[in-house]
Amino acid sequence: MKKNGFTIVELMISLLILAILASISFSIYQKFYSKTLVLGCFAEISSARSAFEIIKNESINIIPSDNLIQLNINSATSCKYHQIKVDEIIGHIADGNNISGSKISLTRNPVSAEWQCQIYDTPSKFQSDYLPNGCTLK
């Protein structure tokens with residue numbers, strides 16, 4: 001007898017294999033997406049450091065606010081929103097899987113003018129793989 005197609009068992013096995021591959025791909029994508037959100041927010045607030053330094057070197061007082069307009073960053077693109085304090089730039093990381101509510105902070109040492117990066121308010125599922133180089137978990 002001549003066979004003209006696939007049996008139901010062969011189709012079910014093929015669908016099972018595709019489902020397994022899709023679930024693996026989705027988890028890898030979620031991890032990549034979360035890391036991209038963290039790195040994007042870090043890059044955005046890092047670009048504000050030079051403007052912050054100029055203001056500090058000109059002995060102009062930083063006015064704490066919920067945006068970075070003083071540093072010529074008019075809106076948040078990679079971060080959900082920003083904050084600025086006397087010696088700190090904070091980026092609120094956009095919501096994503098395992099990173100919702102996280103904040104990334106660049107703190108300037110007033111004596112040495114060195115910058116320190118910390119991530120805090122992280123959910124319990126936050127992975128250390130998401131940290132930009134030089135950043136620590138608080």
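This is a predicted model: local features need pLDDT of at least 70, side-chain atom pairs count only at pLDDT 80 or more; totals for chains, interfaces and linings use all residues.

Reader: Where do Tyr 29 and Tyr 33 lie?
Author: Both are in helix α1 (residues 8–46), four residues apart, which is about one turn of the helix. Tyr 29 counts as partly exposed at 46% relative accessibility, and Tyr 33 is partly exposed too, at 35%.

Reader: OK, and why is the pair of Phe 52 and Trp 115 edge-to-face?
Author: Because their planes sit at 75°, and anything over 60 degrees gets that label. The ring centres are 5.2 Å apart. This pair links distant parts of the chain: Phe 52 belongs to helix α2 (residues 49–57) and Trp 115 to strand β4 (residues 115–120), 63 residues apart.

Reader: Is Phe 52 buried or exposed?
Author: Buried, with a relative accessible area of 0%.

Reader: Switching topic: what's in the largest nonpolar core?
Author: It has 27 residues, and Leu 71 and Ile 104 have the most contacts inside it. Helix α1 gives the most, with five residues.

Reader: And what does Ile 104 touch?
Author: Leaving aside residues up to four places away in sequence, its contacts include Phe 42, Ile 45, Ile 90, Cys 117 and Pro 132.

Reader: Last one: what sits over the ring of Tyr 120?
Author: The charged end of Lys 138, 5.0 Å from the ring's centre.

How values were computed: Residues are numbered from 1 along each chain as its sequence is written. Side-chain values use heavy atoms; hydrogens and water are left out. Helices (H or I, at least four residues) and strands (E, at least two) are DSSP runs, numbered from the N terminus. Buried means under 20% relative accessible area, exposed over 50%, partly exposed in between (1.4 Å probe, protein chains only). Rings of Phe, Tyr and Trp (its six-membered ring) pair if their centres lie within 6.5 Å; planes under 30 degrees apart count as stacked, over 60 as edge-to-face and the rest as tilted. A charge sits over a ring if NZ of Lys or CZ of Arg is within 6 Å of the ring centre and within 35 degrees of the ring normal. A nonpolar core is a set of buried Ala, Val, Leu, Ile, Met, Phe, Trp, Tyr and Cys residues joined through side-chain atoms within 4.5 Å. Contact means heavy atoms within 4.5 Å.
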